[in-house]
Amino acid sequence: MTHDKDWHPATRLVHGGTTRTAFNETSEALFLTQGFVYPDAESAEARFNGDDPGFVYSRYANPTVSMFEERMCLLEGAGAARATASGMAAVTSALLASVKAGDHIVAAKALFGSCRYVAETVLPRFGVEATMVDGTNLDEWKAAVRPNTRVMFLESPTNPTLDIVDIAAVADIAHEAGARLVVDNVFATALWQSPLALGADVVVYSATKHIDGQGRCLGGVVLSDEEWIEQEFHPFYKHTGPSMSPFNAWVMLKGLETLPMRIERQTQSAGRIADFLAERKAVARLIYPGRDDHPQAAVAKKQMRGGSTLVALELAGGKEAAFRFCNALQIVKISNNLGDAKSLICHPATTTHQSVPEEDRLELGINGGVLRLSVGLEDADDLLNDIEQALSAI
């Protein structure tokens, strides 16, 4: 009989980590409970001092949440995981659990706006300095290292311009400095990129995106080796309470069952749309990881197994053209979410990256004409027709 670690990803995402009650239910059980009852005081003592490995309180661990965590470990190749209430809870707790006052982190400048806020504003309040670098420039990573550097943090592909950072190379720099590398893998998904296999120490996700993938629940997850999760991360997680609700974990489990089909379909459609947009005069710049003209195409081919469900484009007419294009779309909806079954578009400069100073946005290539398109599950021909008619409106 094959073991779940030998299964292909699609099988793991349907069956992996499943535990059943005495009722032998088909679907995973939803344990909407805050706490757990012990048969006697001695059992309670044993549970709390660790002699009995059972559940204590749903802020610490919960059967439904644990199934989601185990399934994510099987997909990611991680030793252990903890699910969080949101993607930003995953990012923030992974960073805070790794540093103390007097430490230093190095982070790529190309980050989601809230991630930059945590690195540049939150951590310094607690005595942790941050140096921001061009993630695609390995020399900047090396130059930023200090004796007290404890963490390096990046996302790849980046939000929203889909730059590709060489994860293995940055991991080598981090480890030589005695630091841990934390990678936000949301845009690639675990199906197209495996940061831990490339040398990363911690992987974080906003499960709100592709994992749920249908616009229902917030969630996040932090994955790493068992020792770091149990010894370093879990105490922080247990006492500060960023845990995921059992209901949201149950929704995420259902989302994982269809993840491969959704990601494959969305990636195929995104590739077609990227090729279409690359030939349009109104498009001044088109960025897609699956194309040979991507600025870091060689790195993408080295570390990714597929493109992305996201397409980045810059319209020649700037913000005015971008707004007219968005407003003319009929199938594609304007929203700041991504990885959804519905195709969504956003104008990063005025939404997801509005909090980033304009000078920093321009340095990252996020000008008024830049748009981020998250490709959904609609028929690709319908999406192409919708995009074509919207382009004609500008």
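This is a predicted model: local features need pLDDT of at least 70, side-chain atom pairs count only at pLDDT 80 or more; totals for chains, interfaces and linings use all residues.

**Entry 1: strand S2.** Five of its five residues are buried, so S2 is largely enclosed by the rest of the structure. I then asked myself which residues cover each face of S2. His-104, Val-106 and Ala-108 sit on one side, while Ile-105 and Ala-107 sit on the other, and all are buried.

**Entry 2: the neighbours of S2.** Next I looked up the pairing. S2 runs parallel to strand S3, residues 129-133, and five bridges join them. Across that pairing, I found Ala-107 opposite Met-132 of S3. To get from S2 to S3 the chain passes through helix H5, residues 113-125, and I noted this β-α-β crossover as right-handed. S2 also pairs with strand S4, residues 149-155, again in the parallel sense, here over four bridges. In that pairing Val-106 stands opposite Met-152 of S4.

Entry 3: I followed the chain into the loop between S4 and helix H7 (167-176), where I found Pro-157. The peptide bond joining Ser-156 and Pro-157 is cis, with omega about -5°. Pro-160 lies in this loop between S4 and H7 too, and the bond to it from Asn-159 is cis with omega near 5°. Is Leu-162 buried or exposed? Leu-162 is buried, at 0% relative accessible area.

**Entry 4: another positive phi.** Asn-24 is not a glycine either, yet it has a positive phi of about 55°. I placed Asn-24 in the loop between helix H1 (9-15) and helix H2 (41-49). With a relative accessibility of 56%, Asn-24 counts as exposed.

**Entry 5: helix H4.** I checked burial again, this time in H4, residues 87-96. Eight of its 10 residues are buried, so H4 is largely enclosed by the rest of the structure. Among the buried ones I listed Gly-87, Val-91, Thr-92 and Leu-95.

**Entry 6: the nonpolar core.** The largest nonpolar core has 36 residues, and Phe-68, Met-72, Tyr-205, Ile-211 and Leu-223 touch the most other members. Elements that each supply at least two residues include helix H3 (63-76), strand S1 (80-84), helix H12 (259-278) and strand S9 (310-315). H3 gives the largest share of this core, six residues.

**Entry 7: cysteines.** My search of the whole structure turned up zero disulfides.

**Entry 8: rings.** I finished with the aromatics, and the whole structure holds six aromatic pairs. Trp-228, Phe-233 and Tyr-237 form one cluster. I also logged two charges over rings: Lys-238 lies over the face of Tyr-60 at 4.9 Å from the ring centre, and Arg-280 over the face of Phe-276 at 3.7 Å.

How values were computed: Residues are numbered from 1 along each chain as its sequence is written. Side-chain values use heavy atoms; hydrogens and water are left out. Rings of Phe, Tyr and Trp (its six-membered ring) pair if their centres lie within 6.5 Å; planes under 30 degrees apart count as stacked, over 60 as edge-to-face and the rest as tilted. A charge sits over a ring if NZ of Lys or CZ of Arg is within 6 Å of the ring centre and within 35 degrees of the ring normal. Buried means under 20% relative accessible area, exposed over 50%, partly exposed in between (1.4 Å probe, protein chains only). Two strands pair if DSSP finds at least two bridges between them. A crossover is right-handed if, with the strands pointing away from the viewer, the path from the first strand over the helix to the second runs clockwise. A disulfide is a pair of cysteine sulfur atoms within 2.5 Å. A nonpolar core is a set of buried Ala, Val, Leu, Ile, Met, Phe, Trp, Tyr and Cys residues joined through side-chain atoms within 4.5 Å.
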